[in-house]
Amino acid sequence: MVAKQILLLFLSDVKVDRDDPTKISAREYGGIGVAETTNESAVRFLLGSDAAASLQLDRIFLFASKKVRGPIYVNEKKKQAYQDAAGRSWTHLAYFYERLRDVMPDIEAISEVIPFDEDMSAADSMGMVLDAAARIQRYIAALPPEEPVVLHADCTGGMRYATMMM
């Protein structure tokens with residue numbers, strides 16, 4: 001029986017290139033190519049570069065702060081929105097989805113966004129982490145009892161402690 005593949009990640013914000021505010025910062029990674037978001041590199045690495053042997057994710061549990069659910073800004077203080085070459089503005093979350101659509105066309109459908117308020121107290125953030133754990137447990141409980149599950153944790157972005165506590 002093929003195991004269900006689950007990914008847990010805390011989404012990082014998208015960085016606009018300091019030298020050219022019409023571009024997003026990008027980095028070349030060996031074996032996966034160019035990544036424009038921190039978490040994108042981890043997801044592409046997990047999925048593999050060999051299409052025949054690539055892993056398929058069944059579910060993504062994605063912590064998303066207020067910032068990453070909001071627009072990408074060229075200038076945060078002035079609330080100047082980033083626009084790509086086609087004149088489109090993006091939220092950090094939508095941009096992350098768009099960057100991975102080539103390898104995961106159904107990424108939005110398999111994602112469960114867990115809203116995170118970066119302004120909450122440490123005690124409240126623990127409650128949010130417990131709520132996220134309960135969501136994952138509910139997902140697994142709905143699977144057939146004999147179905148194996150593999151949980152992958154991306155520790156590259158966002159508030160890594162939340163992912164590690166999970």
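**Helices, loops and contacts in a predicted model**

Q: How do the axes of α1 and α3 cross?
A: The two axes come within 10 Å and cross at roughly 30°; since angles under 35 degrees count as roughly parallel, α1 and α3 are therefore described as roughly parallel to each other.

Q: Which residues make that contact?
A: From α1 the contact uses Asn39, Glu40, Val43 and Arg44, and from α3 it uses Phe96, Arg99 and Leu100. The crossing in which α1 passes α3 is right-handed.

Q: How many residues of α1 are buried?
A: In α1, 7 of the 10 residues are buried, so the helix is largely enclosed by the rest of the structure. The buried residues are Asn39, Glu40, Ser41, Ala42, Val43, Arg44 and Leu47, and they pack against β1, β2 (27–29), β3 (33–35) and α3.

Q: What comes just after α1?
A: Gly48 follows, and this residue takes a positive phi of about 85°.

Q: Which other residue has a positive phi, although it is not a glycine?
A: Lys79 has a positive phi of about 55° although it is not a glycine, and this lysine is found in the loop between β5 and β6. As background, most residues other than glycine have a negative phi.

Q: What does Tyr73 touch?
A: Tyr73, which is found in strand β5, touches Val16, Lys79, Gln80, Ala81 and Tyr82, not counting residues up to four places away in sequence. Tyr73 and Phe96 are 15 Å apart in space, C-alpha to C-alpha, and 23 residues apart in sequence.

Q: Changing topic, how far does α5 reach from its first C-alpha to its last?
A: Helix α5 (residues 122–141) has 20 residues and reaches 29 Å, which is close to the 28 Å expected at 1.5 Å a residue.

Q: Where do its buried residues fall, seen down the axis of α5?
A: The buried residues of α5 are Ser125, Met128, Val129, Ala132, Arg135, Ile136 and Tyr139. Seen down the axis of α5, they fall within an arc of 110°, so they line one face of the helix. On the other side of α5, the residues Ala123, Leu130, Gln137, Arg138 and Ala141 are exposed.

Q: What is Lys4 in contact with?
A: Leaving aside its neighbours within four places in sequence, Lys4 is in contact with Tyr139, and also with Asp58, Leu143, Glu147, Pro148, Val149 and Val150. Lys4 is found in strand β1.

Q: How accessible is Lys4, then?
A: Lys4 is at 22% relative accessibility, so this residue counts as partly exposed. The C-alpha atoms of Lys4 and Ser121 are separated by 34 Å, and the two residues lie 117 residues apart along the chain.

Methods:
Residues are numbered from 1 along each chain as its sequence is written. This is a predicted model: local features need pLDDT of at least 70, side-chain atom pairs count only at pLDDT 80 or more; totals for chains, interfaces and linings use all residues. Side-chain values use heavy atoms; hydrogens and water are left out. Helices (H or I, at least four residues) and strands (E, at least two) are DSSP runs, numbered from the N terminus. The expected span of a helix is 1.5 Å times one less than its number of residues. Buried means under 20% relative accessible area, exposed over 50%, partly exposed in between (1.4 Å probe, protein chains only). The arc is that of the directions from the helix axis to the C-beta atoms. Axes are lines fitted to C-alpha atoms, for helices over the stretch in contact, and angles run from 0 to 180 degrees between N-to-C directions. Angles under 35 degrees count as roughly parallel, over 145 as roughly antiparallel, 65 to 115 as roughly perpendicular and the rest as oblique. A crossing is left-handed if the near helix is turned anticlockwise from the far one by less than a right angle, and right-handed if clockwise. Contact means heavy atoms within 4.5 Å.
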